[in-house]
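Please open the structure in your viewer and follow the stops below in order, making each selection before reading on.

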Amino acid sequence: MTCIFCNIDKERIILENEDAFAVYDVFPVSKGHMLVIPKKHIKNYFDADEQTKTHLWKLVDECKEMADNIFAPQGYNIGINCGEAAGQTVMHLHIHLIPRYKGDIENPRGGVRGVIPDKRIY
Ligand code: AMP
Ligand code: ZN
């Protein structure tokens, strides 16, 4: 099967560096939801080499600066789904950068703990 992240239209790239690029998520969970993706086809975060990881995280920081300027959110969630059991659907590593806005949900307590919805609020 062809990989959608190996075949992203170059015009959709927001920011990039030597090893990574960023695009807006096509089904955003919030305004400004971005994905930071390695240029190499790597399935799982834990398979990435150190240089790729460094460049991925540098780009996450740059995307955050950009999102601050454009969308001015009050917070962020950062997440990686590693493997089908953890909810990964596109089998090419990507880091979700999700801007968060005061009041976007009634009680945001627990944030990424919400991967197990019943356990989010502790
Ligand atoms: P995951 O469940 O972590 O594998 O997330 C896959 C993400 O990719 C989802 O948030 C989708 O909305 C997003 N997505 C799917 N196709 C595309 C695409 N062509 N361009 C950008 N984002 C996409
Ligand atoms: Zn790929």
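**Stop one: ligand 1**

Begin by selecting ligand 1, which 16 residues surround, the closest being D25, N81, T89, H94 and H96; a residue counts as near a molecule if one of its heavy atoms lies within 4 Å of it. This is a predicted model, in which local features need pLDDT of at least 70 and side-chain atom pairs count only at pLDDT 80 or more, while totals for chains, interfaces and linings use all residues. Residues are numbered from 1 along each chain as its sequence is written, chains are lettered from A and ligands numbered from 1 in the order in which they are written, and side-chain values use heavy atoms, with hydrogens and water left out.

By class, the shell around ligand 1 holds 8 nonpolar, 6 polar and 2 charged residues, where Ala, Val, Leu, Ile, Met, Phe, Trp, Tyr, Cys and Pro count as nonpolar, Asp, Glu, Lys and Arg as charged, and the others, Gly among them, as polar.

**Stop two: polar atoms beside the ligand**

Next, show H96, where a polar side-chain atom lies 2.8 Å from an oxygen atom of ligand 1.

**Stop three: the space around the ligand**

Now hide ligand 1 and look at the space that the ligand takes, which is the second largest pocket. A pocket here is an open set of points on a 1 Å grid over the protein atoms alone, where a 1.4 Å probe fits, with protein on both sides within 12 Å along at least five of seven lines, and its lining residues have an atom within 4 Å of a point.

**Stop four: the largest pocket**

Finally, move to the largest pocket, with a volume of about 580 Å³, a volume being the space filled by probe spheres set on the grid points. Select I98, G111, V112, G114 and V115, which are the closest to its centre of the 20 residues that line the largest pocket.

Notes
A polar contact is a pair of N or O atoms within 3.5 Å; within protein, one must be able to donate a hydrogen and the other to accept it, and residues adjacent in sequence count only if both atoms are side-chain atoms. A molecule sits in a cavity or pocket if more than half of its atoms lie within 2 Å of its grid points.
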